[in-house]
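Here is a short report on a ligand site and on one strand pairing. Please read it alongside the model.

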Amino acid sequence: MSVIIAKGIKKVYNPKTIPVHALNGVDFSIEKGEFTAIVGPSGSGKTTLLNIIGGLDNPSEGYIEVGGQDISKLSDNELIEFRKNNIGFVFQAYNLIPVMTAKENVEFVMLLQKRSQEERDARVDELMEAVGISDKKDKRPSQLSGGQQQRVAVARALAPKPHFILADEPTANLDSKSTSNLLDIMANLNKKENMTFVFSTHDQRVIDRARRVITIDDGRVVSDEVR
Amino acid sequence: MSTLFKLAWRNIWRNKRRTLITIASILFAVFFAVFMQSIQRGAWGKIMDNVVNFYFGYAQIHTKGYWEEQSINKSFELTDEINQLADNSPDIQALVPRLESYALAAFESNTTGVLVIGTMPQREAGMTKLNERVVEGTYFQEGESAVMVAAGVAENLEIKVGDTLVVVSQGYHGVNAAGKYPVKGIVKFGSPELNKQMIYLPLKTAQEFYGAPALHTSLALQISDKGKLPEILSYLKTNLDTSAYEVMSWEELMPEMVQAREVDTAGNKIILFILYVIITFGIFGTILMMTKEREYEFGVLLSIGMKRGAMGLMIWLEIVMLGSLGALAGMIFAFPLVYYFYTHPVDFGKISEDMKAAYEKFGFEPIFPAALEYSIFGWQAILILVITSILAIYPMLKIRKLKPVEAMRA
Ligand SMILES: Nc1ncnc2c1ncn2[C@@H]1O[C@H](COP(=O)(O)OP(=O)(O)O)[C@@H](O)[C@H]1O
Ligand SMILES: [Mg+2]
């Protein structure tokens, strides 16, 4: 079952001034539970594509369906609601809210969703354990290493059990040990929680770990292979 | 909600130094404003009290229209009803009935115009302490045929205690008024105006002189607490027949005094206004930096599903808390100082001989306590609250228009 369907997605930034054609007609579909890497050099349109899938941005042209919903038709507030209930984001860096502890960061979205205290506590414990930072629960992001911060970010993204995890170059700022560690964690959680993972990267070590690799260049899909 | 509070509180302390500087600037403004206003209000309160106690009283009752056109023909009887009203109010300590009109006074070949005040010696002493102003002779008694003369009048007429003063005037409804009264005492006023024209007769004697038995031109009120004045005024206004009588507060009796105070306080208000404008820009600078720095974070919050409204509320709380902390600190610093000057009034006489002389002319010592009024404190708090609430609109608008993708591209 395809849970993400993209048809003829185009994105033009600043159409009225200096138009930048970030996406030039992208087609693909992603099945439930897939672990997909979007690969391409810097400037190829990876971030733009993930933002459109995640409802952070609208395509200029084309059709985008996520979880059975045509999200190009949603209003700003509906998009916030859609994101809160469906998408977990992991960004390149500075993901975490600096004034919250690791635990509070993970808990935050569940708090916004008004989940009960017990449910939140249980989920936080479970995820902190899974990403291996149970002992750093009460640390602020500034007291954590880059790798630890990204693991907290992954835990936060997964906390409300979204259907999709979108990660934009999550390992870009990590050393190789932290990178492989984070990928292990993501791959495990992908299996265990049966969520659909889409992440972008241009790091060969990360590409090697993906089960499906969609390569884009200059805003177009140039190859799409499942291993 | 409590989460927002917690977040806002922690956010305030992210940049400790900037927060402390902002708080310190608000602290300074509030401290300065409270202190300045307390001193000023205290000084004016004291001046007003002095003037009020010195002759007018905090309020007066007249025949309607008397104050506009002061004529002895607009005199009235002190009815049981009025006495009853005064007795029934615990805040009215005494009524000082007076009959006041102008006359010509003569001694030997000298004459001068005078203001004749017929009053009850005991009650006058109770309210204005006229008895303490006697510099020669003795204080007069009710029912006596005797006159107290102000020092300036005595000097003009070259009259002494024991001499007989001749007074001529037009009495009630035009009757001829003439009398001869031995001078019992001389009273000295600080104000040259009063010194040159006041003479006092016992009330009954004055009523006979003017051919106005049992009539009065004014009733001055001696009250227990000036804070009760508004209640007393409304009590009198509702219970007296206002088509026959007018009830006037000291502010209405002496509009020039009130105006002088307004002019003086307006100057200070301008200083405070400028101070607050500067502070407002300071706070706004902090808000601008804070908003700019946190754009990325706002983008993240929006991406993970925090509502714009909740974010706006969080920012609003941050800014208002920041302002409240500053205001609170300012008040905490100002309170002991204001309290000190409230209990230990400043004696300007000790600071400057000129000042001492200037005030003594008006019959009082230049000793000014600070006013300890909670409303002065309260207004600063409200002002800061309003300023910060309005400034907080800026980041709230920013958040309303924020696009997560753009915020996070920085
Ligand atoms: N908000 C924007 N305004 C203008 N141009 C943009 C914007 N976002 C991205 N771009 C441009 O679009 C192209 C694709 O960018 P992006 O999606 O960030 O690529 P990638 O993530 O693969 O590096 C780039 O040329 C980039 O400069
Ligand atoms: Mg990118």
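Around ligand 1 there are 13 residues, and Gly43(A), Lys46(A), Thr47(A), Thr48(A) and Arg409(B) come nearest. A residue counts as near if one of its heavy atoms lies within 4 Å. Ligand 1 lies between chains A and B.

This is a predicted model: local features need pLDDT of at least 70, side-chain atom pairs need pLDDT 80 or more, and totals for chains, interfaces and linings use all residues. Residues are numbered from 1 along each chain as its sequence is written, chains are lettered from A and ligands numbered from 1 in the order in which they are written, and side-chain values use heavy atoms, without hydrogens and water.

| Residue | Protein atom | Ligand 1 atom | Distance |
|---|---|---|---|
| Gly43(A) | polar backbone | oxygen | 2.7 Å |
| Thr48(A) | polar side-chain | oxygen | 2.5 Å |
| Arg409(B) | polar side-chain | nitrogen | 3.0 Å |

On its own, ligand 1 has 560 Å² of accessible area, and the protein covers 77% of it. Areas come from the Shrake-Rupley method with a 1.4 Å probe.

Which element gives the largest share of the shell around ligand 1? Helix 1 of chain A does, with 3 residues. Helix 1 (46–53) and strand 2 (20–31) of chain A each supply at least two. Helices are DSSP runs (H or I) of at least four residues, strands (E) of at least two.

Now the strands. Strand 6 (residues 87–90) and strand 7 (residues 164–168) of chain A pair in the parallel sense over 4 bridges. Pairing takes at least two DSSP bridges. Ile87(A) stands opposite Phe164(A).

Methods. Polar contact = N/O pair within 3.5 Å; in protein donor to acceptor, adjacent residues only side chain to side chain.
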